[in-house]
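Some labels in a structural description rest on cut-offs. Please take them one at a time and show the value behind each.

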Amino acid sequence: MLTLKNVDVHYGRIQAAKRVSLHVDPGEIVALIGGNGAGKTTLLCTISGLIRPSTGSVTFAGADITRHSPERIVAQGLSHVPEGRLVFAPLSVADNLLLGSYSRHKFGQGQAIEADISAIYDMFPVLGERRNQPAGTLSGGEQQMLSIGRALMAKPRLLLLDEPSMGLAPNITRDIFRHVVSLRESLGLTVLLVEQNARSALKIADRGYVLETGRVILQGQAAELLANRDVQRAYLGRDLDA
Amino acid sequence: MIWQPKYETMDRAALEQLQLERLQATLTRVSRNVPFYRMKFEEMGIDPDEFRSLEDVRRLPFTGKADLRDNYPYGMFAVPLREVVRLHASSGTTGKPVVGGYTKNDIARWTELTARVLSAAGVTKDDVIQITLAYGLFTGGFGFHYGAELIGASVIPSSSGNTRRQVAIMQDYKTTTLVSTPSYALYLADTMDEMGVNANALGLKYALCGAEVWSEGMRREIQDRLKVVATDNYGISEVMGPGIAGECQERAGLHLNEDHFLVEIINPETCAPAEPGQVGELVLTTLTKEAFPLIRYRTGDLTRLLPGICACGRTFMRMERVLGRADDMFTVKGVNVFPSQVEAVLCSIKGLTPHYQIELDREGPLDKATVFVEADAELLVDRIREAQAVQETTRKRLFSELGVHFEVKLMEGKTLTRFEGKARRVKDKRTFSA
């Protein structure tokens with residue numbers, strides 16, 4: 001569904017991604033794990049068109065989207081849930097969701113969009129309870145749900161999720177990850193998940209890629225990565241020599 | 001049955017993407033973790049970050065058996081020893097053996113791959129599988145063992161040797177699948193004859209034969225005498241063991257597990273890529289191994305890639321049965337000959353068996369090659385004139401097929417040495433002093 005081939009990304013003279021190749025098949029949850037500064041967020045931004053790669057190609061559903069604008073990429077069915085949620089704090093929950101459907105706004109779409117918003121409330125009841133509250137007053141977990149809900153309003157086929165667990169309590173993180181799995185089940189969504197919380201991510205993922213200093217150093221089935229000692233030592237916080 | 005259809009029937013573009021991803025990750029890891037490769041890459045000015053296509057692999061250095069011996073025992077490992085859960089070693093007939101290590105993940109993948117090969121040969125969870133390959137440092141026994149267990153078959157780890165007991169086990173335990181070398185399969189058939197065991201009365205259905213070079217004629221004999229479907233499979237201890245490639249029941253070439261191994265065929269003399277469809281040396285790059293990754297390992301095995309898609313539905317490329325080892329090839333009067341070629345001729349002649357030995361000697365300054373081959377008993381005893389005709393035909397056929405003269409000696413049945421491990425067909429008695 002999504003294929004990256006030899007993607008290089010530069011920030012000025014610094015190379016943030018080095019010939020990264022990866023793929024996501026329809027219906028998969030794929031985790032991209034790695035430490036700080038490994039290039040995970042850079043890659044997501046490259047996929048969603050916010051950053052242009054210096055070389056390499058990004059293909060989505062058979063079309064080369066490497067040079068497409070972000071809004072066009074969203075319209076093609078690829079939504080990005082950014083790191084740190086980035087909800088519009090002064091706007092109400094309902095307005096945040098409405099903004100998520102921006103790319104679909106056309107005359108006569110009003111009812112469909114209303115229906116989708118209530119579907120999001122069904123999925124995340126807490127958002128329904130707080131629909132008129134400014135998004136900035138929500139808790140971290142609720143904001144994360146709102147951010148995911150907002151992305152879903154664009155009717156994506158592939159969801160890019162950047163660090164959904166960031167700054168959240170472990171039980172809230174579990175909750176968010178449960179939602180991610182159920183998104184696949186209920187909506188048939190495909191998910192590319194970036195996480196520093198490697199263990200939780202690999203537990204719900206089918207496959208994973210491990211990034212280090214902009215390069216993929218390992219890839220494979222999620223279970224294999226969980227069993228890999230390098231991954232355990234570097235990202236799962238296990239001191240194996242003790 | 002196709003064990004992992006998701007991979008084994010992948011379309012080419014998806015497979016190549018997967019191979020590229022895995023190759024790039026492998027290169028990054030070997031250049032970081034294996035001093036041998038790091039130094040070699042530095043010497044050759046190779047930046048592993050620059051590898052952007054599968055064709056780029058041709059710029060990488062080869063790895064040879066000598067490199068593995070120089071780094072004996074653990075020098076080529078890409079992980080610390082404490083992450084290695086299993087060690088195997090190659091036979092080491094010449095010099096030091098080669099030690100191969102496996103992490104937990106390597107073992108799990110190896111198991112999947114031998115399960116693929118076994119499934120392709122017909123094995124299911126209903127089968128009773130007798131593994132007569134050696135259990136021990138050799139990869140054969142253990143490699144198949146775990147794959148068969150994963151499928152859910154009932155495994156009899158009878159290991160090698162004690163042939164009469166093997167036959168008794170086959171009879172009593174109702175073995176349906178035999179895993180052995182081809183020469184041992186025939187030895188078992190001989191032993192059954194001696195013991196008066198009728199193959200028809202056994203439950204045998206399949207024989208997976210590998211670990212040595214064999215011919216279509218030998219396959220026919222194994223199939224006829226043991227009443228089985230005999231398939232070929234390929235493995236090499238240095239790279240992993242069995243599970244690298246295996247035939248399906250179409251018996252039309254060995255499917256290479258390309259999602260785990262990148263395959264090249266090179267001209268063994270020039271090291272240039274062989275023309276498509278040409279015979280050359282098989283070169284393997286591991287794409288998923290953690291403990292003991294290898295870049296462009298020269299297997300020494302000669303084969304060629306077969307064009308087209310197999311009727312079984314698997315999309316992986318197929319290789320022809322191994323035609324010989326680059327190093328068991330022998331030269332008679334300047335002509336390169338593989339024992340398998342001799343065997344093919346012998347098998348095509350009525351009255352001869354595939355039990356043979358080649359002796360190389362000198363007659364004055366000239367090479368002299370003799371083939372000792374066992375012939376049917378009645379031919380030798382009752383029909384001497386006919387036997388002479390067979391001998392003459394064999395001599396002529398060998399010359400016309402191989403372009404070199406062989407003396408042919410017909411032997412009585414069971415007079416030549418039988419091999420329980422790998423058959424050593426060629427005895428070279430030539431001395432090269434003046």
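The questions and answers below set values against definitions.

This is a predicted model, in which local features need pLDDT of at least 70, side-chain atom pairs count only at pLDDT 80 or more, and totals for chains, interfaces and linings use all residues. Residues are numbered from 1 along each chain as its sequence is written, and chains are lettered from A and ligands numbered from 1 in the order in which they are written.

Q: Why is α9(B) called oblique to α10(B)?
A: Helix α9 (residues 216–226) and helix α10 (residues 339–347) of chain B pack at an angle of about 55 degrees, with their axes 7 Å apart. Helices (H or I, at least four residues) and strands (E, at least two) are DSSP runs, numbered from the N terminus. Axes are lines fitted to C-alpha atoms, for helices over the stretch in contact, and angles run from 0 to 180 degrees between N-to-C directions. Under 35 degrees counts as roughly parallel, over 145 as roughly antiparallel, 65 to 115 as roughly perpendicular, and the rest as oblique. The angle therefore makes α9(B) oblique to α10(B).

Q: Which residues make the contact of α9(B) with α10(B)?
A: Glu216(B), Gly217(B) and Met218(B) of α9(B) meet Glu343(B), Ala344(B) and Cys347(B) of α10(B). Being in contact requires C-beta atoms, placed from the backbone, within 7 Å.

Q: What makes Leu416(B) partly exposed?
A: A residue is buried if 20 or more other C-beta atoms lie within 10 Å of its own, exposed if 12 or fewer, and partly exposed in between. Leu416(B) has 16 C-beta neighbours inside 10 Å, so it counts as partly exposed. Leu416(B) lies in the loop between β20 (407–411) and β21 (426–428) of chain B. Leaving aside neighbours within four places in sequence, the contacts of Leu416(B) are His355(B), Gln357(B), Phe372(B), Glu374(B) and Met411(B).

Q: What makes a set of residues a nonpolar core?
A: The members are buried Ala, Val, Leu, Ile, Met, Phe, Trp, Tyr and Cys residues joined through C-beta atoms within 7 Å. The largest such core has 84 residues, and Leu118(B) and Ile129(B) are among those with the most contacts inside it. Helix α5 (residues 104–121) of chain B gives the most to this core, seven residues. Another core, of 67 residues, lies apart from it and includes Leu32(A) and Val87(A).

Q: How do you know that β1(A) pairs with β2(A)?
A: Two strands pair if DSSP finds at least two bridges between them. Seven bridges join β1(A) to β2(A), and the strands run antiparallel. In β2(A), Ala17(A) is the bridge partner of Val9(A). Five bridges join β1(A) to strand β4 (residues 55–60) of chain A, also antiparallel, and Lys5(A) stands opposite Ser57(A) in β4(A).

Q: What makes β20 and β21 of chain B the edge strands?
A: The open sheet of four strands has the order β20-β19-β18-β21 in chain B, with mixed pairing. Each of β20 and β21 of chain B pairs on one side only. Strand β19 (residues 366–375) of chain B pairs with β20(B) in the parallel sense over five bridges, and Val373(B) stands opposite Leu410(B) in β20(B).

Q: How many residues of chain A are in contact with chain B?
A: On chain A, 17 residues are in contact with 16 residues of chain B. The largest share of that side of chain A, six residues, comes from β10(A).

Technical notes: Contact = placed C-beta atoms within 7 Å.
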